[in-house]
Structures are given as structure tokens and as C-alpha cells.
Amino acid sequence: MLRTSILALAVLLGAGAARAQVAVTDDTIRYSIGWDNPASQLYAVRVTAAADGEPVMFSLPAWRPGRYILQNYAANVQGVRAEGPDGRPLEVEWLDLDSWRVEPDGARTVTLVYDYYAVTFDAGSSTLRPEVAYFNPVNLFPWVEDRLDHPVTLTIGAPAGWAVATQLAPAVGGNERVFVAPDYHRLADSPTIAAPELTDWEFEVDGVPYHAVFRGRLDLGPRTQEQVVADLAALSREEVAIFGSTPFEEYWHLYQLVPYPFGHAVEHEASASYVLSDNLFQTDEGYVGFLSVTAHELFHAWNVKRIRPAALWPYDYSAPQLTRLHWVTEGVTAYYDMLVLARAGLIPPEAYYESVAGNIQALQSSPGRKTTSASLASLTSWFSGYGSGNPNQSISFYTKGALLGLLLDLRIRDATDGERSLDDVLRWLWEEYYLEDRGYPEDGFQAAVEAVAGRSFEEFFARYVHGTEELPYDSTLAIVGLGAREEADPARPASTLGLRTGTEDGKLVVTNVLPASPALEAGLMRDDVLVAIGGDPVGAAEEVQQALAERAPGEAVEITIERQGERQTVSATLAGGGNLRWRVVPVANPTERQVRLRDAWLASAAAAPREGSRTRTGSVATAFPSR
């Protein structure tokens, strides 16, 4: 089923959709958001809670699920005040960086009121502009102490004629701008767009409605709406088949398209929010990127929003929740995003192999892989800022986690002769933990792998997950008749200095100097401005590449830089290998077993649905091995 609507009047997208309703009671926490002049970028926030004579505590989250760093949202709060039901001012005290205490002074309800400066525009933040009101409730709505489990309502004061898109359920029989949620967790997890016009494409997968909502310039280029929707349905069907059930009643993809290079997305229980460049549909590469980020965020509806580490169960928004498992929550999800496209037939196997090679290239180009393990990178995301700080120490747990997911998947298939896979590990965690309303422990993922594979993976986890040994790409890919190797790319210079650059204020600035590199030996430092190489002026990365292409490895070259406003020249001896790139390709003359395991690995799960998995509402005999 495919339905399209362009909404410009006072419309709620999907108002008739099947989302669980929530009763409004005296204990309901009532939130509202509105604005006067959107150019001020100030939201007016109000939160009303019942009072029993004792002070009422309100706290704003310090971080948001999906981004494991402290965010300091309260820095955007201004004009805090409180009032009773009659508008009488009440005493409010700002207790710490993000908490307030209101004295009810006999009032039966208290309302906390403030303005929120919403200037940041990405998928996980909140912004207010004349053309759009976009907010993540976790940024700007506080919870009431000891009442995280109370039902809530949200009233959105959007202008008449604006459309609203959100995973929140509409209130029954009331104002179309009033929404309900069973608790604060659901409210905090529900990004919302309000705008004069939104385009909504509706489709169904296994009877469950999905929405692809677009704001911004929607130019499909060579694609058609029918193709895009069919592809979204195909990847959705593939992911449902992996887990065996759909965990939501309805799903919302909220796409905001912008006329500049950008890409950011965040997962939620029954929705995902995206801010993407509006030219993604124009090229095959861009379109695959659109599909892969969609597959990634949808996969999170199972992996991390429901199957998640015990350290994140339940969410504590007041402080960091430390876990060494983000290489699983994010990295394993990153492993599946392109694999799902291959299994669904949306990309050929060769394109999938190329994406694996790209991950290998990214990790092997990261010096931090030699000092920081995947589990340590997961733990330290809270202060490393996902790679900021020392670039020679940090790694991406997305990239390494994706590669670890690949290696584990193939080794499980090898150990079980294709009878089991990483899909079964995820279903094991689903049944053992999520369906039992709990998170899995820090060693739970390894335990799940071992239960499914029927053997120990202690050495693998010690060496590659908690250790920093080089990953065994080639030997593991050989299980499915593939090989990983470095090859010379004729389009790139063989000579290299071993540095990274970026443009700042029109100048070419060194952003990183690699260990044991010619640049480091020559004394180059981060924040140096590159002026010339071998007497040739350089002001862009392309000009550096050109200068290197004209010189051979082992050749000495003079490099002119500016450091703290002073110009100086140093000499460096160029190294080689700058043109080496990783490739993943089929081996010659694969065995029957290699071909069989490869075919099963890339086969559609939706084409052969698995029997025996439980859902939230019932169960049948499990197909998992004893554990």
C-alpha cells in the first residue's frame, strides 16, 4: 500500500494511525511548547505537575540516548520561573546545573516555565526558525523527580495551518495538537517536526504502517516515488525477518533535506530523525547512502532501543551510563546496514564488498587502532567526544564494531557449517533479555555468541575486542571465499607525508600528524598552516596531492609552513604507500563450501522467514540451542 499526502493545513500526520492510547489522569505530567517570534529561536516551555505540599523537583537531561557524551542542554535555558494554577508566582530555586526545585506554597499543581534557546540544527538537537520548529524533547523537557513512569501529555503551539509529524500518539477526542505518552521515556524519545508543509509517503510491511516524511526540497532526480518506497519497504522487510517480529505498531522516518553537504541521523523506538543533503537522490552513490542510513536507524529499533546493555537499562538521564558495548550497539548495527541492502537486492554483492573494504581502509588508516580497543573506545566516548582530542589515540567504535560484527558472523557460520549466524545471536539476546524486560550484562554479547556458535570465543574477544591486535580480515573472509588485500590505486600518489589537513579561514591547516611519519620526523605539528611544498604554493588538499604526485618516495622535499604567525621551512623525506587501498574480492576457484556459506550469508532473510521466535504478546517453541 502506498499513500502520499502533502500537508499544509492544520493537520496531524497519521492521526488515525494505530498507536496505543494513554489515559490522562490527575498524575499526568502536562508539557507544552510554543513560540512567539521564531526569529528569536526561543521556545516557550511549560511543565505542570501535581503537588502534595512537598517541593517538586524538575531535572533536564544531561545527555541523550544515541549520543553518549554530556550535552549540557540546560545551558540553553533562560528566564526560569514557576507559578501555581492561578498564575500566582511560586518560589523556584536553580539547584545545580540542570535541576530546579519549586515550593508549592499550598498550590495543588505547580508549573515550571522557561525559554529554551534552540539554535542547533542536526538530527539530535532542537531548532526554531520561521520555516520549521524541530525539537527533540530530551533536549528541552525536564522530568519530574520520582515520576519518570507517570503518563504525560504534550501540547504543541504551532501556528494554524502547520503540519506536525511525530511518533507520539494523538490524544483521543481532543485538540489535534495534543499528544500523549505512557511515561517520560517515551516523550523524551520522540523527535517532532512542525512546518507549513510536510510530504508524507505511507506504506505497509507485514500490515504495519510506515511513514517517510520529508521537509525541504524533494527532488528525486532519476528515481521515482514508487521506487523509493519499494526500496524502503524491502529493507524494512529484511530487518523484520532477521528478528522475526516487528516491535512497533507504526514507524516514522522524519527526513529533513538541506541544500548543503550534511548527514546526521538518530534512532528512536518507533521513529528515526535525519538531516541530509537534498542532492542524495541525484546519484547512485548518494541514493545508496540514503538507503544505508535508513537501514541503520531502523535496525536500531531492535538493537539498542530494545536489545541494549544493562548499563543503559533503564535510562538515567542525569549522568553517564558507562558500558564497553557500543561497538555492539552502534558497530554491529553499522555492519548490518549495508548487508541488509545486499540481502534485499538493493545493491550487488560487489558494492557490499566495496563497503567492507572501505571500513577496513578507515580502520587501518587510524593510528588509534594500535592503542585503543573497541571496548575501551565504547567506554571513553563520554570524554573523547567520538574521536575529538588526540586523533592518534581514538578510533571509531562504529567502524571497528562493524568489522568485528563481520568477523564474528563469518566465524559463527564456519563453526556451525552455516546452521547459525550473527542473526541468531541477536535473536538470542532478544529472547533472553529484551523479552524478559532487562538489559544484557557486559559479558552478555560474548555469551550469546558462544551459545549460538557452540564453542568458546574467549580468545577472539581477548585479542580483537578488548585487545588491539590487527584484525584477521583475510583469513576470516576466506570462510566465504573472499580475500582482503591492499592494491595500488593509480589515481593517487605513492608518495606521502603522513599528515591530515583541513581548511580553516581559507588556509590549509594540519589537523593531524601521524606517528612515525615523514611529517613528524620533520617536526610538523597540528595547527601548522601549509604554505608550500617544494616551492609550489599549496592552499587546498588537492594541491598537496598534486605536489606529492610529482615526487617519488624517498625524495627529500622542503615544506614551508606558518606557525603562530611566523614562517619557516623544514625538510622531509617522503615515504611510500600513499596509493595503497584495501579491496575485498572473491578468491579464485572457491570451494563448494565457501560458495555455499557465501550464498547463505548474502541470502535474503525475508525470502525464507524463520520459525520459532517469540514476540511481546506470545511465544512458540524456541529454535535456539540450549544454553
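Reader: How much space lies in the largest cavity?

Author: First, what counts: on a 1 Å grid over the protein atoms alone, a cavity is a set of points where a 1.4 Å probe fits but cannot get out. Points are joined across faces, edges and corners, and the volume is the space filled by probe spheres set on them. Here the largest cavity holds about 30 Å³, and the count comes to 1 cavity of 30 Å³ or more. Bear in mind that this is a predicted model, where local features need pLDDT of at least 70, side-chain atom pairs count only at pLDDT 80 or more, and totals for chains, interfaces and linings use all residues. Residues are numbered from 1 along each chain as its sequence is written, and side-chain values use heavy atoms, with hydrogens and water left out.

Reader: Which residues line the largest cavity?

Author: A lining residue has an atom within 4 Å of a point. In this model those are Leu363, Gln364, Arg369, Lys400, Thr468, Glu469, Glu470 and Leu471. By class that gives 2 nonpolar, 2 polar and 4 charged residues.

Reader: How do I read the nonpolar core, and how many residues has the largest one?

Author: Think of a set of buried Ala, Val, Leu, Ile, Met, Phe, Trp, Tyr and Cys residues joined through side-chain atoms within 4.5 Å. Buried means under 20% relative accessible area, exposed over 50%, partly exposed in between, with a 1.4 Å probe and protein chains only. The largest core has 102 residues, and Phe290, Trp327, Tyr336, Tyr352, Phe445 and Trp601 have the most contacts inside it. Helix H5 (residues 326–343) supplies the largest share of this core, 11 residues. There's also a second, separate core of 54 residues, which includes Tyr31, Ala51, Trp63 and Ala107.

Reader: What is tyrosine 352 in contact with?

Author: Contact means heavy atoms within 4.5 Å. Leaving aside neighbours within four places in sequence, tyrosine 352 touches Tyr335, Met338, Leu339, Ala342, Ile347, Leu406, Trp601 and Leu602.

Reader: On to strands: which strands make up the open sheet of 4, and in what order?

Author: Strands (E, at least two residues) and helices (H or I, at least four) are DSSP runs numbered from the N terminus, and two strands pair if DSSP finds at least two bridges between them. The order is E8-E9-E5-E13, with antiparallel pairing. E8 (92–94) and E13 (143–144) are at the edges with a single partner strand each, so one side of each has no neighbour in the sheet. Between E5 (residues 56–59) and E9 (residues 99–102) there are 4 bridges, with valine 56 opposite valine 102.

Reader: And how many bridges join E25 to E26?

Author: There are 6, and the strands run antiparallel. Leucine 499 faces valine 513 in E26. The hairpin has 2 residues between the strands, and aspartate 505 takes a positive phi near 55° there. As for cover, 5 of the 7 residues of E26 (507–513) are buried.

Reader: Is valine 304 buried or exposed?

Author: Its relative accessibility is 1%, so valine 304 counts as buried.

Conventions:
On a 1 Å grid over the protein atoms alone, a cavity is a set of points where a 1.4 Å probe fits but cannot get out, and a pocket is an open set with protein on both sides within 12 Å along at least five of seven lines; lining residues have an atom within 4 Å of a point. Ala, Val, Leu, Ile, Met, Phe, Trp, Tyr, Cys and Pro count as nonpolar, Asp, Glu, Lys and Arg as charged, and the others, Gly among them, as polar.
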